Amino acid sequence: MAAFGGSPATCGQQVSIAYGTFLTDGKALPDKAGKDKPLTFRIGEGKVMPALEMGVVGMKEGGTRNLLAPPNMSYGIKAFAHPGMPDTVSVRFAIDLLSVKPPLPDLD
């Protein structure tokens, strides 16, 4: 099992993630970010879907997480509506946390 680095991500830190989006039946959707072109945002600024922003809190760099996001936390929000993306169904995000900045001291 891989070791994950640093302290858990928290509000105010900048994170970079790679993610894929899937329907609950497993069908892949076109919204994604890869390791070569990650999504970078500051936790707490509200510039990404609440599911992604809240979903990375507590993750450590190198960690992975699957999130089940209802419409009111993802594409059902008018500001995040996206052609070809369902706005009335739950979706699953598969997230890899690539980086966290600034790193906080490890309290272990």
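Reply: Helices and strands here are DSSP runs, numbered from the N terminus: a helix is a run of H or I with at least four residues, and a strand is a run of E with at least two. This is a predicted model, where local features need pLDDT of at least 70 and side-chain atom pairs count only at pLDDT 80 or more, while totals for chains, interfaces and linings use all residues. Residues are numbered from 1 along each chain as its sequence is written, and side-chain values use heavy atoms, with hydrogens and water left out.

Let's begin with the whole chain. It has one helix and five strands, and reading along the sequence gives the pattern β-β-β-α-β-β. The C-alpha trace spans about 40 × 30 × 25 Å along its principal axes. The radius of gyration, taken over C-alpha atoms, can be set against a globule rule of 2.2 Å times the number of residues to the power 0.38. For 108 residues a compact globule would come near 13 Å, and the chain has 14 Å, which agrees.

Now to the part I have picked, strand S1, which covers residues 14-23. A residue is called buried under 20% relative accessible area, exposed over 50%, and partly exposed in between (1.4 Å probe, protein chains only). Nine of the 10 residues of S1 are buried, so this strand is largely enclosed by the rest of the structure. For the chain as a whole, 35% of the 108 residues count as buried.

S1 pairs with S5 (residues 91-101) in the antiparallel sense over 10 bridges. S1 also runs antiparallel to S3 (residues 39-42), joined by four bridges, and antiparallel to S2 (residues 28-33), again through four bridges.

You can follow these pairings residue by residue. Valine 15 stands opposite phenylalanine 41 in S3, and valine 15 also stands opposite valine 100 in S5. Further along, glycine 20 has lysine 32 of S2 as its bridge partner. S1 and S2 form a hairpin with four residues between them, and in the turn glycine 26 has a positive phi of about 100°. As a general point, side chains in a regular strand alternate between the two faces of the sheet.

Let's visit a residue on the S5 side. Serine 99 lies in S5 and counts as buried at 16% relative accessibility. A contact means heavy atoms within 4.5 Å. Leaving aside neighbours within four places in sequence, serine 99 is in contact with Gln14, Val15, Ser16 and Glu61.

On the S3 side, have a look at threonine 40, which lies in that strand. Threonine 40 counts as partly exposed at 39% relative accessibility. With neighbours within four places in sequence left out, threonine 40 is in contact with Gln14, Val15 and Ser16. A polar contact is a pair of N or O atoms within 3.5 Å; within protein, one must be able to donate a hydrogen and the other to accept it, and residues adjacent in sequence count only if both atoms are side-chain atoms.

Glutamine 13 is buried, with a relative accessible area of 4%, and its side chain reaches the backbone nitrogen of threonine 10 at 2.8 Å.

Finally, follow S3 to its end at residue 42. A salt bridge is a side-chain nitrogen of Lys or Arg within 4 Å of a carboxyl oxygen of Asp or Glu, and the structure holds two. Arginine 42 meets glutamate 45 in one of them, at 3.9 Å from N to O. Arginine 42 is partly exposed at 32% relative accessible area, and glutamate 45 is partly exposed at 42%. Glutamate 45 also forms a salt bridge with lysine 47, with the closest N and O atoms 4.0 Å apart; lysine 47 is exposed, at 64%. Through shared partners, Arg42, Glu45 and Lys47 are joined into one network.

Conventions:
Two strands pair if DSSP finds at least two bridges between them.
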